[in-house]
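Here is a short report on one structure. The sequence and the coordinates come first.

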Amino acid sequence: MRAVLEEIIVTVEPRILHLKLHWKGGDHTALEVVKNRAGQHRWKTDASTEQLIRDLARLLPDGSIASVLNRLGTRTAKGNTWTQQRVCVFRNDHNIPVYRDGERAERGELILHEAASRLGLSKMTVVRLIKDGILPAKQSCVGAPYVIREIDLNRQEVRHAVTNGRAVSQDPRQRSFDYQ
């Protein structure tokens, strides 16, 4: 660059850098460059991804969080897929505490397979109970585990559904067959 540029003059303002390039042939070029704010850089993860990692960190270890983020097609700020190590570094940079074994149990929360084994049902039957609104559950995002409060397993509607089976659909297009 020294062969073609004689000097660069920079004028600093609070949010903009004004550059004047003096070329060897006598031409001048004026440029304006926006300054990064303090603590900012171009590799910034979306706020929604940060919140999702915060929510998932209360439920899952780092490797499982990476799996959920990759299934969703979410990428790191630099466009990479998520790994256990990248989730760990992200958590540490954003002061997100690590998941501890037994943390959900302390809060009285279960995930799908735990609720299914407690109820003595298959996971798909528990998902149907959730979809029908019989068993309340939360999900941070599609693909994240359902979080079910332990006390909700003892609700009357849930106990009734477990004992009597799932109710038949009220859709008039669905017919029943009588076998002899």
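The notes below cover a sheet, a helix and a single residue.

## Basis

This is a predicted model.

## The sheet

Three strands make up an open sheet, and their order is β1-β2-β3. The pairing is antiparallel. The edges are held by β1 (5–12) and β3 (28–34). Each of these has a single partner strand, so one side of each lacks a neighbour in the sheet. From one strand to the next, the twist averages 20 degrees.

Strands of a sheet pair through backbone hydrogen bonds, in a parallel or an antiparallel sense. Here, β1 and β2 (residues 16–23) run antiparallel and are joined by seven bridges.

Lys-20 has its bridge partner in β3, namely Ala-30. The hairpin of β2 and β3 has four residues between the strands. In this hairpin, Gly-26 takes a positive phi near 105 degrees.

## Helix α1

Helix α1 spans residues 47–57. Its buried residues are Thr-49, Glu-50, Leu-52, Ile-53, Leu-56 and Ala-57. They cover an arc of only 160 degrees around the axis, so they lie on the same side of α1. An α-helix has 3.6 residues a turn, so residues three or four places apart point the same way.

What do the buried residues of α1 pack against? Their partners are α2 (62–72) and α3 (84–93). The face turned away from the buried side carries Ala-47 and Ser-48, which are exposed.

## Ile-130

Ile-130 sits in helix α6, which covers residues 123–131. Is Ile-130 buried or exposed? The cut-off for buried is under 20% relative accessible area. Ile-130 has a relative accessible area of 12%, so this residue is buried.

Which residues does Ile-130 contact, leaving aside neighbours within four places in sequence? They are Leu-112, Leu-135, Ala-137, Tyr-146 and Ile-148. As for Gly-102, it is 28 residues from Ile-130 in sequence. In space, C-alpha to C-alpha, Ile-130 and Gly-102 are 23 Å apart.

Note on methods. Residues numbered from 1 in each chain as written. Predicted model: local features only at pLDDT ≥ 70, side-chain atom pairs only at ≥ 80, totals over all residues. Heavy atoms only, no water. Pairing = 2+ DSSP bridges. Helix = DSSP H or I, 4+ residues; strand = E, 2+ residues; numbered from the N terminus. Axes fitted to C-alpha atoms, helices over the stretch in contact; angles between N-to-C directions. Buried < 20%, exposed > 50% of the residue type's maximum accessible area, 1.4 Å probe, protein only. Contact = heavy atoms within 4.5 Å. Arc of directions from axis to C-beta.
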